[in-house]
Each structure stands twice: as structure tokens, then as C-alpha cells.
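Thanks for coming, everyone. I have one structure to show today, and I will keep this brief.

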Amino acid sequence: MEENQQNQDIEFIKEKVKERPLNRKKLMRRTLLTASMAVIFGLIACFTFLVLEPVFSNLLYPEEEPQQVELKEENIAEEIGPEDMLLEEETQEESQPQTVVEKVELEMSDFQRLYRTMYALGQEVAKQSLVTVTGVSSDVDWFNNPYENQGRTAGLIVADNGQELLILSDSSVLEGAETMEVTFSDGAKAKAELKSQDEETGLAVVAVKLSEMEEGTRESVKAAVLGGSGSSLLATPVLALGRPAGTSGSVIFGMVTSTDQRLNLEDHNLQMLTTDMVGKNNSSGILINLSRQVVGILLPGAGDGEGEDDSRLLTAYGITDLLPIIRKLSNGQQIAHLGIRGTDVPAEVNGENGVPLGAYVTEIRMDSPAMRAGIQSGDVITKLGTSEIESFSDYQDALMELSPNSGVTVTLMRQGQAEYQEMTLEVMPEG
């Protein structure tokens, strides 16, 4: 009996444990469900990261705002104080004997050396502060073949706002451009973006990110020194740099022959500098004095002369009148316009004819903000917002403080049957 029981135990021990049959359909469903949940979780995680990453990045590493550009005239001569000049004169008198030069004979080599020195001065400014701005646009020819149009102009580095290099340029070559490129004097190229432009003056400022410039190029360039363009420039030697002869890198020597001409544009009366230098109608670039200061900006067709050889006397905008415009464009702001052409009221006209002092309106552009508001030719603007206006220059300065699409009250004097009467009108400037 016991033997039989032992045999049964042995048989029991020898029994194999069978695994539960595998349910493949159920396993497949679970696998698909797990994979689907993983995909959904991954998509939600990616979406959350994309949405929140910029927020956390701005909180942890806030991006610095570009510095506001402030431009001013530089005058090397004015930086020397009177006491320094007197001290220098006394030192020279004590250390050097006074001599009288009766006659100086110059050789041809002296003139050659002078021109080489002036050329080297111009090249120094050009390498540091001048670039070529290229606007590229696509088009299709008669045979439906695509090609690229490239307009080139000289550009002047006017400021560095800590994040971008700001370059003053002629806006005409940028019209319709799909891409913009800046070529530096060392041949390096960088993508540029339009900061702001003003169609009336034909000026634009483009920006190149400092982070996208090669290190060597970034260290070799700097903003130009902007001088003054007052009447003291008359008969002053100047150099035309950039593209004065229509080709990049051309240089022309000459002098300023007139400083009292003004170009009457809408809302701007800008000083024009005429020279004795002959250039091309498509010239662009700058005028500098012998102190390496920029005193004028050349623009295509800015002077007279329509000869068959496409040549003309070079004329430039005086840099002093352009400073407020360049400053605003460099900060990415638009120039406000009312559509007015005007002039000052002469003191004798004010005294003899009783015409009030202010900005005398000579012409109104059709469908301009000024016309829509009811301003007429012959009106005298005496106040723009809170700014008192006694000349057209005052009007320009006050207008530069306004922004497009921001209403302003214009106070003017309009001639009646017996005398001038004051009126106030609301005007909405446009960009």
C-alpha cells in the first residue's frame, strides 16, 4: 500500500506544468494601445515644449533690446579748448624760432604725394565704414526663363545698436527686392534686413546681425564719423567715396562750391551741397572732408546735368539736415508726413505785410493728410501739437517727433478779408 502511494507521488512529481495558452489578439491590442499612448504622450510633450520653451527662455535668458541710436555731429576742431590752443601756441613760440618763408617751390612729386595721401585717407574711411548693398529680385524673360535682378548701391555704416550693424542706403535699389545682401570691404557677405525707409528722401537703413558676421569683419568695421555741413564747408576740399563714378570703389577729388541751395521736398527742406566733381547719374556714396568726417550723402540723380554721356556735377544732401531722419530710420521708426511743401516767412514780409511768422504752406499734395484735414496753400502753420512753429525748420523738427497714424492738432493762420484768422484742424499723419 505504502509502495503504491510512493509511486503516485513520484508520478505527481513527474507531471509537467503546462503554461496558459497565449491570447495573441489580446496581446496585440495591448501592444497597440501602449504604442498609441506613447505616441500621444510624445506629441503632447513636444507641443508643450514648443509652446513653453520660448516663454521659459525669455524668463531665464531675456533677450536684450537693441540700444536706441543717438546720432550727433562730430567736429574735431571744436574738441580742442581755447586754453589748449593758447598753451600750444605758447609752447611753439618758446621752442621754435620764428621764420618767414619768402618763397616755396612745389615740384610735381609734391602734387603726386598730396594726392596719394588723400587717396590713402579715403581708402581708410571706405574700408572701415563703406559697404555695397545689393537688392535681389526674381523675374521672367520673354521666353519664360527665370533670372535675377540685382541693384547695387553704396552703403554707409552709421551705428551699432549692440545687436545689429545699421547701414544707410539708397532705397531705390531695395524696391521689390526679395533678399538683401551687404558686401564688406574684405569681401565678406552677410544677409541684411530692411530696418525702415523714407520714400520722400530716398533713404533707407538696413540691418546686419552682428552674430551673422565673421569675427574678422566685425572687428575691422566701425560707424562713420558724421561731421557738420554748415556754410564753413564752402571752398573746402572733399572726397567722394563709394560709387561716385557709378562703379564700386571709385574715388573723386574736388571741393564744395555751394552750400546755400535747398531741395524742397514734402515736409522737408534739405540743404544741398554742390561740388565741382563730375560723376554719373547713378552715383551713390558719401562726401568726406580731410578730417575723415562725412559731410554729405550722394544720391542718384540728385544734381543737374542730363548729358548724353550720363554725367553730372555731383551734388549731395548736407549731413546736418539728415541726422534726425537717419536717427529715426536707424531705430526702425517711420517718418510721419502731412504732404506739405513750404518755406519760412521772411522778417520783412512779416513786418510790412503782416504775414504771421511760421511755416508758410506753398503747396499741398493731392489726397494727402493735410488736404484731407483742410489745410490750404497760403496758410501759415504756427503750432503743431504743443510745439510752437516760427519757421519751416521748426515745423520739420516738430513733425519728426510724431508717429504715423497718430492724430495731431495743427494751429494755423489763414488770411481773411481783413486780417489773418486762427484755425485749429485735426490731422492724421501718414508714413
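First, the ground rules. This is a predicted model, where local features need pLDDT of at least 70, side-chain atom pairs count only at pLDDT 80 or more, and totals for chains, interfaces and linings use all residues. Residues are numbered from 1 along each chain as its sequence is written, and side-chain values use heavy atoms, with hydrogens and water left out.

Now the chain. It has 9 helices and 19 strands. Those are DSSP runs, numbered from the N terminus: helices are H or I with at least four residues, strands are E with at least two. Of the 431 residues, 38% are buried. Here buried means under 20% relative accessible area, exposed means over 50%, and partly exposed lies in between, with a 1.4 Å probe and protein chains only. The accessible surface is about 26,900 Å², and carbon and sulfur atoms hold 51% of it. That area comes from the Shrake-Rupley method, with a 1.4 Å probe. On to contacts, meaning heavy atoms within 4.5 Å. Take those between residues at least 6 apart in sequence: 62% join residues at least 24 apart.

Next, salt bridges. The rule is a side-chain nitrogen of Lys or Arg within 4 Å of a carboxyl oxygen of Asp or Glu. The count by that rule is 11.

Start in helix α4, residues 108-129. Asp110 and Arg113 form a salt bridge there, N to O at 2.5 Å. Why does this pair sit about one helical turn apart? Because the two are 3 residues apart in the helix. Asp110 is partly exposed at 24%. Arg113 is partly exposed too, at 44%.

Now a strand pair. Lys195 and Glu164 make a salt bridge at 2.7 Å, N to O. Lys195 is in strand β5, residues 189-198, and Glu164 is in β3, so this bridge ties together parts 31 residues apart in sequence. Is Glu164 buried or exposed? Glu164 is buried, at 12%. Lys195 is partly exposed, at 25%.

Glu388 is exposed at 55%, and Lys383 is partly exposed at 29%.

There is also a network. Salt bridges link Glu266, Arg365, Asp367, Arg372 and Glu430.

Back to β3, residues 164-170, for Asp170. This residue is buried, yet it has no salt bridge. Which side chain of opposite charge is nearest to Asp170? That is Arg243, 9.1 Å away. For charge, Lys and Arg count as positive, Asp and Glu as negative; His and the chain ends are not counted. What Asp170 does have is a polar contact of 2.7 Å with the side chain of Ser172. A polar contact is a pair of N or O atoms within 3.5 Å; within protein, one must be able to donate a hydrogen and the other to accept it, and residues adjacent in sequence count only if both atoms are side-chain atoms.

Last, backbone angles. Most residues other than glycine have a negative phi. Ala235 has a positive phi of about 65 degrees. Ala235 lies in the loop between β7 (225-226) and β8 (237-243), and is partly exposed at 49%. Arg292 also has a positive phi, near 70 degrees. Its loop runs between β11 (284-288) and β12 (293-298). Arg292 is partly exposed, at 37%.

That is my tour. Over to you.
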